[in-house]
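This report walks through a protein model for a first-time reader. Please look at the sequence and the structure before reading on.

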Amino acid sequence: MTENPQAPSSIRGLPSWLLGRAAARGRALVADALARHDMKMWHHVVLSALADLGPVAQADLGRAVALDPKDVVGVLNDLQAAGLVVRAPDPADRRKNAVRLTAAGEQRLADCTVAGQEANDRLLEPLSTAERAQFLDMLRRVSGVA
């Protein structure tokens with residue numbers, strides 16, 4: 001990654017600034033990879049959550065991915081229009097919608113998972129395999145993600 005000549009020298013060495021630059025580069029690489037599959041980041045997040053949660057109430061899905069309810073509706077509208085998810089009354093509580101992946105949604109998620117991994121491999125390309133493992137361990141500790 002090239003250094004940003006716009007950033008003051010006192011900021012360029014800060015871990016927070018460097019992490020932000022790395023995150024921005026990573027998001028751009030992943031967004032480009034997902035776009036080749038007609039997907040956006042939040043669409044991928046929601047498909048991934050559905051794969052983990054199985055059929056789930058729409059409101060619970062939104063909470064699981066920390067997405068505002070109105071934004072969940074928009075993402076689900078896009079995914080349903082593409083035939084990737086189905087919303088139907090929740091058998092446990094018919095006042096709620098349950099959302100599940102379709103077979104096409106499962107395939108799109110698999111394709112996007114590969115594309116996302118390839119983008120992340122590109123992001124970490126300058127690091128050896130051992131350095132990648134160490135870097136990911138350090139990122140987990142710094143970010144508080146177990």
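## The hairpin and its sheet

A hairpin of two residues links strand S2 to strand S3. Helices (H or I, at least four residues) and strands (E, at least two) are DSSP runs, numbered from the N terminus. S2 and S3 (residues 93-101) are antiparallel, with six bridges between them. Two strands pair if DSSP finds at least two bridges between them. Val 86 has Arg 100 of S3 as its bridge partner. Ala 88 has Ala 98 of S3 as its partner.

S1 also pairs with S3, through two bridges and in the antiparallel sense. Here Ala 57 lies opposite Ala 98 of S3. Strands of a sheet pair through backbone hydrogen bonds, either parallel or antiparallel.

## About the model

The model is predicted: local features need pLDDT of at least 70, side-chain atom pairs count only at pLDDT 80 or more, and totals for chains, interfaces and linings use all residues. Residues are numbered from 1 along each chain as its sequence is written, and side-chain values use heavy atoms, leaving out hydrogens and water.

## Helices H3 and H4

Two packed helices are described by the angle between their axes and the distance between the axes. Axes are lines fitted to C-alpha atoms, for helices over the stretch in contact, and angles run from 0 to 180 degrees between N-to-C directions. The axes of H3 (residues 41-53) and H4 (residues 58-65) come within 10 Å and cross at roughly 115 degrees. H3 and H4 are therefore roughly perpendicular (65 to 115 degrees) to each other. Their crossing is right-handed (the near helix is turned clockwise from the far one by less than a right angle).

Which residues of H3 and H4 make the contact? From H3 come Trp 42, Val 45, Val 46, Ala 49, Leu 50 and Leu 53. From H4 come Leu 61, Ala 64 and Val 65. Contact means heavy atoms within 4.5 Å. By class, this contact of H3 with H4 has nine nonpolar, no polar and no charged residues. Ala, Val, Leu, Ile, Met, Phe, Trp, Tyr, Cys and Pro count as nonpolar, Asp, Glu, Lys and Arg as charged, and the others, Gly among them, as polar.

## Helices H4 and H5

H4 also packs on H5 (residues 69-81), at an angle of about 105 degrees and with the axes 10 Å apart. H4 and H5 are therefore roughly perpendicular to each other. Gln 58, Leu 61 and Gly 62 of H4 meet Val 72, Val 73 and Leu 76 of H5. Those residues divide into four nonpolar, two polar and no charged.

## Helices H2 and H6

The axes of H2 (residues 15-35) and H6 come within 9 Å and cross at roughly 145 degrees. This crossing is right-handed. Among the contact residues are Ala 22, Arg 25 and Ala 33 of H2, and Cys 112, Gly 116 and Arg 122 of H6. By class, the contact of H2 with H6 has nine nonpolar, three polar and two charged residues.

Thr 113 sits in H6 (residues 103-123). Thr 113 and Ala 33 are 80 residues apart along the chain, while their C-alpha atoms are separated by 9.8 Å.

Terms used: Parallel < 35°, antiparallel > 145°, perpendicular 65-115°, else oblique.
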